[in-house]
Amino acid sequence: SRRTLLKGSAAAAASFAVGGGLAARRGAAAPVPLLLKAQFTEASLAASGITPKVMTYGTGEAAATGMPPVLRMKKGEPFAARLVNALDEPTTVHWHGLRIVNAMDGVPEMTQPYVYPGDGFDYAFTPPDAGTFWYHPHCNTLTQMGHGLTGVIVVENPDDPVYDSEIVLNLRDWRLGADGAFIAPFKPRDAARGGTYGTVRTTNWQQAPAYDAPAGGLVRIRLAATDVTRIYTLGADGAAAVVIALDGNPVEAPFPLDLLDFGPGQRVELIMRMPDDEGAVVKLGNFRGSSPFTIATLRATGTSLKRDIRDVKPLPANPIAEADLSSAVRIPLDFTATAEHAPVPSICGTLGYTFWAINKVPWQGDTPDPGAPVSELKLGKSYVLQVRNRTPHAHPIHLHGLSFRILSSNKRTILPPPTDTILLLPDEQAELGLVADNPGDWLLHCHIIEHQKTGMSAYFRVV
Ligand code: C2O
Ligand code: CU
């Protein structure tokens with residue numbers, strides 16, 4: 001049973017203290033685990049002059065900025081990290097978008113035991129895909145992510161073209177009062193709608209930071225929306241840019257950036273052609289909505305090979321299986337609001353409300369027994385998820401452990417490459433094709449965390 005299994009992995013996890021653990025048992029090829037210490041620190045969220053007590057995965061760099069480090073991995077090469085919990089509540093790490101083994105997925109009660117304060121857990125896996133991904137806890141997430149535990153992962157591919165420089169931008173908001181202290185993480189009224197927005201917007205834990213980039217050069221910009229609520233509309237002013245990857249997967253034909261919506265959990269990769277003039281400034285911004293704002297500025301400086309944006313070629317594709325539509329089984333999935341009823345208490349953080357449901361079933365909390373899977377999938381078989389958003393709000397729906405392709409939609413003409421997160425638009429109906437090629441229990445949930453935590457969550461079992 002699941003409980004016996006979890007006890008077994010708890011014993012395995014405990015063994016790291018005496019030098020065992022998964023990484024060590026894998027033998028000579030295992031890399032030295034990176035230390036990821038979840039801890040409190042003070043962050044200076046730059047221009048605001050306020051220094052709230054945030055949570056971070058500390059390293060030398062993080063100690064200065066408060067931002068969790070950008071983790072660099074290599075496609076097809078083993079990676080290992082040791083989570084040490086120096087917080088005052090249980091936590092775990094989920095590797096968002098990485099198609100890795102289920103036991104490393106970081107969902108407490110489902111794939112691993114809680115990591116209590118003072119304890120640790122060894123993660124070891126091999127990322128199969130190159131691209132931009134991210135990592136965050138899967139426990140008390142509105143608080144833990146809201147307080148800063150959201151970091152970017154870059155999985156490098158030695159076959160990628162070389163650009164003149166690379167910039168990683170981690171976008172998120174903070175719910176802070178005027179004194180710099182955290183305020184209530186959400187308002188129930190907003191949780192039942194589009195979600196509660198932060199009060200301070202940051203890029204890499206700073207407000208509208210400025211970076212230098214080679215004049216006339218091609219810059220690879222990786223953006224990750226790690227906020228718990230905000231949907232961004234990305235645009236650029238002052239230079240041409242093309243979109244080369246979405247949610248970790250290369251687009252088949254890079255296309256010019258005009259305005260691009262991406263929601264919590266999603267990533268965008270751009271190649272920007274910097275102006276030739278020394279000192280010219282390019283602006284990346286959130287260009288729609290009631291309060292447009294600058295995400296970052298890039299200043300052209302120094303020299304480059306003066307390349308042409310038309311030279312940008314598609315990146316090599318990731319090895320994601322295409323669903324066999326002739327044999328695929330169809331699974332309807334309805335995303336709806338639901339009549340409020342009391343949620344089951346959970347040590348992993350219940351918000352005390354239920355507003356949402358998947359196929360009429362609101363998630364019963366992160367409990368030892370989360371109930372039945374929304375569907376059981378046969379290992380290796382193809383499926384088409386018929387998703388329907390029956391609400392007037394957008395929902396970034398994320399699937400763990402498996403990537404899917406949007407096959408059709410009543411709301412879009414351009415279909416993105418395979419993804420782990422679809423920003424399901426109001427009243428959108430879409431068909432998502434996937435191959436159930438990764439065994440285990442895989443969560444499916446809205447990445448507006450208030451929605452996730454008030455019912456919009458379920459899981460698939462692949463056996
Ligand atoms: Cu970004 Cu369930 O995760
Ligand atoms: Cu949602």
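Because the model is predicted, local features need pLDDT of at least 70 and side-chain atom pairs count only at pLDDT 80 or more, while totals for chains, interfaces and linings use all residues. Residues are numbered from 1 along each chain as its sequence is written.

Let's start with the whole protein. There are 6 helices and 29 strands, taken as DSSP runs (helices H or I, at least four residues; strands E, at least two) numbered from the N terminus. Of the 463 residues, 50% count as buried, that is, with 20 or more other C-beta atoms within 10 Å of their own, the C-beta atoms being placed from the backbone.

Five strands make an open, mixed sheet in the order 21-20-23-27-25; strands pair if DSSP finds at least two bridges between them. Strands 21 and 25 each have a single partner strand, so one side of each is left without a neighbour in the sheet. Strand 25 runs antiparallel to strand 27, joined by 4 bridges, and Ile-406 stands opposite Leu-432 in strand 27.

| Strand | Residues |
|---|---|
| Strand 21 | 356-358 |
| Strand 25 | 405-409 |
| Strand 27 | 429-435 |

Leu-432 also belongs to the largest nonpolar core, which has 115 residues. Such a core is a set of buried Ala, Val, Leu, Ile, Met, Phe, Trp, Tyr and Cys residues joined through C-beta atoms within 7 Å. Its largest share, 6 residues, comes from strand 12 (residues 218-225). Leu-432 and Met-272 are among the residues with the most contacts inside the core.

Notes
Chains lettered and ligands numbered in written order. Buried ≥ 20, exposed ≤ 12 C-beta atoms within 10 Å, placed from the backbone.
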